[in-house]
Amino acid sequence: MQIAVRPAASAVLAFSTGKWDDFYTTWFVPTGQLLIPMVVAAVVLVAVAGLITRFMVDRNAKPWSPAERSIWSVIGSVALLADAAFLAIYPMFRPFRDGTWVTWAFSLALALPGVALVLRASQTGTCATEMRSGLGRSLGRAGRGLPQASFWVLMSVWAGLVSCFFSWGSHNRLAVAYVAMAVLGVTAVAAALGQGLRVQVEAQAGDGTTDAAAVDYTLARLQSLGTQEPDAMGFVRANDVSKLLSSDLSAIPAGALASATARVLYAIRPGLTWRARLTLVDVNRVTATLTRNGLHVRTVVISRRNLGLPHLVPADESATGGGGPRAGMAARAESPDARAAELLEEQRGRARAQLLTGAAAFILVELAFRHDRLAAGLAGAKDWKSVARQVIANEPGLMEDSEVRLALLKAAITRDPKNALARCDYVLERYSQADKTIANRVRFSELLGALLAATEVQESSGSVKVVPGCEMIRLRILFARTAMRINAYLMARAVGEYRIREVCAEYRLDMKESGRVARILESDCRDYVRIGSSQGLRQYAEYMRPVAESMASLAEFLSVEWQRNSSRGAWDWSVPRELDAFPSPSLAQNYAALGSVADDHSLPRGELWDVFEYLAFSFSPGPAGRGALREDPSFWTSLRHENFRDSVQSAVGGGETGILDIPPFLQYGEKLACIGITSFEEFRRRVSEAGIEVMAEYLGVPVMVVRHLVCVADLSAVHDDLASPDVVRVLLQEGVNSPDELRRRTCADENGLVKRLVAAAEDHGLTDRAAFARPGAWVLTVLDQCAAARPARPGSQSKESQVARELTWVESIWRGWLGERGESTGPDSASPE
């Protein structure tokens with residue numbers, strides 16, 4: 001059977017086939033013949049540029065400026081593209097011939113830039129100083145950015161090309177120009193891109209397997225090294241240490257085939273300059289190797305002992321059993337020590353993160369030796385161990401122990417005294433662990449003032465300029481120093497005018513000056529937000545600006561209040577006009593303080609909310625919120641009013657301190673509250689009924705601990721003025737933890753004990769309590785108990801006459817001491833307020 005083809009269809013098919021053959025022959029084949037050699041030549045030249053970067057850039061060379069690197073990158077790229085195009089176009093079309101113009105082109109566009117590139121690369125400096133010891137020993141590393149051997153090789157190559165072009169190779173000058181253009185393009189691209197800041201991180205476990213989690217953590221650390229959210233005290237510890245961008249970082253893929261392919265591609269890629277290889281040996285050690293363009297830069301062993309961290313016992317691999325890791329985990333979960341195993345696993349995970357943080361610090365500091373924009377972020381730090389200790393101590397997720405944190409910061413300063421970040425964190429950490437007395441607040445503010453001078457430099461014109469990289473430290477210091485001085489003044493204000501005079505005279509506290517400094521802080525924050533600085537600094541300045549404004553307003557209020565009390569003038573103060581409509585809890589606490597002091601004098605609060613709305617938003621309900629509120633001197637004067645305390649009770653959940661809020665009972669608060677024990681009297685009654693052994697078994701503590709709690713509770717029964725938990729807390733702070741201890745110290749030196757207790761009460765805003773405002777009552781009671789317990793001697797006076805004489809003597813001493821402080825000495829003397 002024959003199938004006939006219609007004539008029209010066969011004609012269309014023949015027409016289409018012929019047109020395609022013509023297109024393939026006329027366009028596709030010539031285009032391929034032109035483009036394929038060009039692409040192959042370009043790839044080969046780029047690969048050669050990537051391979052010779054190690055010969056064009058010394059491992060310690062300082063990079064050129066971004067503009068200069070861009071210029072040479074463009075020159076090299078144009079030369080490479082022109083060379084690749086010349087390879088394909090000239091043999092096919094021969095668009096030009098040799099002539100005079102080739103001489104000028106070779107001399108001005110090839111030979112001159114090539115020699116200039118070699119000379120410029122040889123002039124590039126290297127990192128002249130590296131900190132290699134805790135004592136800051138300097139090792140001279142000054143030299144050429146271009147290795148000496150490469151310098152002479154390139155100069156010989158250009159000398160040979162020039163001599164060949166003008167003498168023995170003049171008959172084929174186009175070929176010489178072609179080779180010269182290739183040399184210029186390859187060397188320019190290699191020199192420019194070999195100075196980049198691209199970093200590739202690779203991590204492996206001790207058995208050689210790739211550890212993707214370690215790579216991800218290290219990359220994240222390199223971008224966020226030193227940054228932290230504001231803490232509860234308001235001292236924002238945002239340290240913009242790292243200036244590395246996400247575009248500067250990369251990692252080797254985890255797959256075997258992808259990893260092998262990536263290694264080959266990255267080896268010939270000219271822009272990937274730095275490579276860091278981490279090996280997690282065990283839970284206590286990590287090795288880090290850093291290379292630049294394939295040249296070894298440095299290898300270190302990062303151990304927990306070298307960082308000042310406690311040593312951990314490595315995991316016992318045999319504990320997993322024959323079923324593999326999952327089976328071992330299941331066995332641990334079913335064992336009685338499952339919780340201990342979980343805590344151990346968490347501890348080892350944290351130890352791993354600490355070591356990787358040390359590796360990130362090592363990489364960053366080594367890069368900062370060669371790249372100045374990273375060195376600015378380090379704020380003077382030059383030792384990677386110092387930076388690692390500072391970051392670990394500054395990160396709550398890496399270190400919870402306050403003593404170890406303080407020791408790490410101290411060791412960081414010892415190893416690198418010029419580490420301004422560590423020094424600032426050390427002062428703030430030391431302050432957070434110190435007693436919040438007036439003297440300590442002023443003392444630490446002076447320490448911060450000395451550190452503030454280190455962040456400034458005096459210019460020839462007389463103006464003060466902030467050291468590059470220290471902008472965020474300066475803002476932190478200005479804020480913390482001003483807050484400390486304002487709080488010291490508020491503590492004296494809560495006692496009375498006479499205490500304000502004493503403090504201002506002794507410590508030179510001037511609220512007008514503090515307000516001026518706060519305004520400088522506010523102005524600096526506005527400038528940093530407006531000029532478009534780094535993202536971390538801009539965000540920090542945006543956060544600090546309203547806080548600085550509220551602090552300045554409070555300092556100005558206190559200055560005006562003191563002037564008005566002295567001269568009885570008119571009020572010249574108002575709340576800030578620009579209030580944040582969506583304040584953070586710490587900023588809301590500042591607004592509450594402004595509203596509180598304004599309400600003390602019935603002044604208009606402007607756009608401020610109700611004080612108790614701010615308090616309910618700022619402080620969490622329960623003991624933690626009440627404790628934080630009581631520690632803020634801004635509210636000490638207001639808390640003395642019963643109406644204010646009642647409102648705080650409804651807003652925060654309690655205005656008075658309970659026995660479960662003071663240290664001896666705090667850790668057992670949940671169990672004691674479950675059985676209804678919320679007062680000293682109830683605790684003594686329940687212990688007397690059930691027995692010490694039963695209470696010890698319920699709390700899960702030794703009998704001696706319950707006996708100690710009973711002794712503390714018995715302090716409240718000595719006198720009615722000592723029954724308050726706040727008063728007992730002050731007694732405990734001074735080491736008085738039982739009635740016997742109170743009687744012993746009172747009989748030994750009642751005057752000195754009372755002075756120390758009143759000073760401690762001043763630090764907590766409790767000087768209005770009767771136990772401290774009129775201590776004579778409980779002192780006489782304690783002395784009476786001492787006299788009653790003392791056995792009468794033969795021939796001595798009667799007990800009543802002896803006690804009466806002692807009481808009269810103590811009362812005269814006490815009245816005299818009150819007179820020295822400028823208080824009333826009458827028997828019904830009220831508090832200083």
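Modeller: Welcome! Helices here are DSSP runs of at least four residues, numbered from the N terminus. S224, for example, lies in helix 7. Keep in mind that this is a predicted model.

Colleague: Where is N60 found, and is it buried or exposed?

Modeller: Look in the loop between helix 2 (53-56) and helix 3 (66-93) for N60. Its relative accessibility is 5%, so N60 counts as buried. The side chain of N60 also makes a polar contact, at 2.5 Å, with the side chain of R370.

Colleague: How should I think about a nonpolar core?

Modeller: In soluble globular proteins, nonpolar side chains tend to be buried together. In this model the largest nonpolar core has 77 residues, and those touching the most other members are I438, I486, L521, L558, W573, L615 and F635. Helix 17 (residues 471-495) gives the most to this core, with 16 residues. A second, separate core has 47 residues, including L290, A361, V365 and L378.

Colleague: Which residues does W573 touch?

Modeller: Leaving out residues up to four places away in sequence, W573 touches S553, E556, F557, V560, L594, A598 and L603.

Colleague: How many residues of helix 13 are buried?

Modeller: In helix 13 (residues 384-394), 11 of the 11 residues are buried, so the helix is largely enclosed by the rest of the structure. Among them are W384, K385 and R389. The cover over these buried residues includes helix 7 (212-224), strand 5 (295-303) and helix 11 (338-370). At the start of helix 13, a side-chain oxygen of D383 comes to within 3.0 Å of the backbone nitrogen of K385.

Colleague: And how do I read the angle at which helix 30 and helix 31 cross?

Modeller: Angles of 65 to 115 degrees count as roughly perpendicular. The axes of helix 30 (residues 725-733) and helix 31 (residues 739-763) come within 10 Å and cross at roughly 110 degrees, which means helix 30 is roughly perpendicular to helix 31.

Colleague: Which residues meet there?

Modeller: From helix 30, V730, L731 and Q733 meet L742, L757, A760 and A761 of helix 31. The residues of this contact comprise 6 nonpolar, 1 polar and no charged.

Note on methods:
Residues are numbered from 1 along each chain as its sequence is written. This is a predicted model: local features need pLDDT of at least 70, side-chain atom pairs count only at pLDDT 80 or more; totals for chains, interfaces and linings use all residues. Side-chain values use heavy atoms; hydrogens and water are left out. A nonpolar core is a set of buried Ala, Val, Leu, Ile, Met, Phe, Trp, Tyr and Cys residues joined through side-chain atoms within 4.5 Å. Buried means under 20% relative accessible area, exposed over 50%, partly exposed in between (1.4 Å probe, protein chains only). Helices (H or I, at least four residues) and strands (E, at least two) are DSSP runs, numbered from the N terminus. Contact means heavy atoms within 4.5 Å. Axes are lines fitted to C-alpha atoms, for helices over the stretch in contact, and angles run from 0 to 180 degrees between N-to-C directions. Angles under 35 degrees count as roughly parallel, over 145 as roughly antiparallel, 65 to 115 as roughly perpendicular and the rest as oblique. Ala, Val, Leu, Ile, Met, Phe, Trp, Tyr, Cys and Pro count as nonpolar, Asp, Glu, Lys and Arg as charged, and the others, Gly among them, as polar. A polar contact is a pair of N or O atoms within 3.5 Å; within protein, one must be able to donate a hydrogen and the other to accept it, and residues adjacent in sequence count only if both atoms are side-chain atoms.
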